[in-house]
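Subject: Structure handover

Hello,

My notes on it follow below.

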Amino acid sequence: MHNIKTIGIVGAGQMGGGISQVAAAAGFTTIVFDSHNESLARCKDQHAKRLAREVEKGRMQQPDVEKTLGRISYIHYLDHMKACDIVIEAIVEDARVKKDLFAKLGKQFGADSQTILASNTSSISITELAAAAGPAADRVIGMHFFYPVPVMKLVEVIRGRQTAEGTTGRVAALAAALGKTAVPANDRAGFISNRVLMPMINEAFYAWMEGVAEPAHVDEIMKLGCNFPMGPLRLADFIGLDTCAHIMEVMADGLNSDRYRPCPLLKQLVAAGRLGDKSGRGVFEYPTK
Ligand SMILES: NC(=O)c1ccc[n+]([C@@H]2O[C@H](COP(=O)([O-])OP(=O)(O)OC[C@H]3O[C@@H](n4cnc5c(N)ncnc54)[C@H](O)[C@@H]3O)[C@@H](O)[C@H]2O)c1
């Protein structure tokens, strides 16, 4: 049993927007906070647009869209999260900024609170975020959703050193109520998803750099031979080459091994501003629509 009725989301960007949409559609009272007013306004606008598209595609009825939107409030003060049974953090991937937030949340939801404090971080140590949360440390956990959140089924649940069993159980039950599958992993850099995926992407860059095959052929071989829906180099563009390089560095440092260092070609493309879909060119080119 998760005993959760109200879900708070801190960070109304790409991931926070998706998590809040899924939470409200699943029937939870949902409160979204962002420190930037423009992000909050954009999130609200995107919720309305994305849900309208669900109606157009026949996947939702208009009254359900109205109910879903009616469950979401967009707030300008973090203090207004008091009623939340869980707060899911999805702010910028910066350890210092996240630790500041967890310190504030730890004060707000102190020792006598039951509120869970979850982070959607892709790479930052849950153990360190828990330490920052002080008296709430045993209620801090990683809930790693995947993009795009309404579509992707997995929530990788990351247990920090201090995370209590009860916290993990409640989060697994909540993930199921959100229509997701929770799979646990322990707190090591890259967790499981990135630890296994990123070295494969990195190796694809090495293979290209060494002239083993052209990028399109690398991807075609992996799609047809391994039944991947998307080749590793196309996936790298989708994720962002800068993000891939950053995650590799985090793993190299966190796991004390240079075998996780980003491929020189990957670093060079990032330096050239070729970041993938978001910049219009990465490994491949994406003409603007
Ligand atoms: N994008 C992905 O594919 C993906 C996948 C899994 C996990 N993640 C993780 O999710 C988190 C968010 O990523 P995103 O892609 O949604 O980023 P984003 O840049 O789209 O959104 C981040 C939001 O956080 C807000 N913000 C920044 N500092 C804040 C603060 N101190 N308090 C409140 N709000 C603040 C920003 O205004 C912005 O709206 C990161 O930790 C990232 O690593 C991202």
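The C-alpha centres of domain 1 and domain 2 lie 28 Å apart. Domain 1 covers residues 6-186, and domain 2 covers 194-277. Please keep in mind that this is a predicted model.

Overall form

The protein has 11 helices and 8 strands. Its C-alpha trace spans about 60 × 45 × 35 Å along the principal axes. A compact globule of 289 residues would have a radius of gyration near 19 Å; the protein has 20 Å, so the two agree. Of the 289 residues, 44% count as buried. Take the contacts with a separation of 6 or more: 65% of them join residues 24 or more positions apart.

The ligand shell

There are 23 residues around the ligand. Gly11, Gly13, Met15, Ser39 and Tyr147 come nearest. By class, the shell splits into 11 nonpolar, 10 polar and 2 charged residues. Which helices each supply at least two residues of the shell? They are H1 (14-25) and H4 (95-108). H1 gives the most, with 3 residues.

Helix H1

Start with its length. At 1.5 Å a residue, its 12 residues should span 16 Å. The end C-alpha atoms are 17 Å apart, which agrees.

Next, its surroundings. Of the 12 residues of H1, 11 are buried, so the helix is largely enclosed by the rest of the structure. The buried residues are Met15, Gly16, Gly17, Gly18, Ile19, Ser20, Gln21, Val22, Ala23, Ala24 and Ala25.

What do the buried residues of H1 pack against? The strands are S1 (6-10), S2 (29-33), S3 (72-75) and S4 (86-89). The helices are H2 (37-56) and H3 (62-70). Just after H1 comes Gly27, with a positive phi of about 100 degrees.

Helix H9

Now to H9, residues 232-239. This helix is mostly covered, with 7 of its 8 residues buried. Those are Pro232, Leu233, Arg234, Leu235, Ala236, Asp237 and Ile239. Note that Arg234 and Asp237 are on that list. The cover over the buried residues includes helices H7 (193-209), H8 (215-226) and H10 (241-254). Gly240 follows H9, and its phi is positive, near 110 degrees.

Asn202

Is Asn202 buried or exposed? Count the other C-beta atoms within 10 Å of its own: there are 24. The cut-off for a buried residue is 20 or more, so Asn202 is buried.

Which residues does Asn202 contact, leaving aside its neighbours within four places in sequence? They are Met248, Pro262, Cys263 and Leu266. Asn202 and Leu265 are 63 residues apart in sequence. In space, they are 9.4 Å apart, C-alpha to C-alpha.

In brief

For the ligand, begin with H1, which gives the most residues to the shell. For domain 2 (194-277), look at H9 and the helices H7, H8 and H10, which are among what covers its buried residues.

Best wishes

Terms used:
Residues are numbered from 1 along each chain as its sequence is written. This is a predicted model: local features need pLDDT of at least 70, side-chain atom pairs count only at pLDDT 80 or more; totals for chains, interfaces and linings use all residues. A residue is near a molecule or strand if its C-beta atom, placed from the backbone, lies within 6 Å of it. Helices (H or I, at least four residues) and strands (E, at least two) are DSSP runs, numbered from the N terminus. Ala, Val, Leu, Ile, Met, Phe, Trp, Tyr, Cys and Pro count as nonpolar, Asp, Glu, Lys and Arg as charged, and the others, Gly among them, as polar. The expected span of a helix is 1.5 Å times one less than its number of residues. Two residues are in contact if their C-beta atoms, placed from the backbone, lie within 7 Å. The radius of gyration is taken over C-alpha atoms; the globule rule is 2.2 Å times the number of residues to the power 0.38. Domain bounds come from an automatic or database domain assignment.
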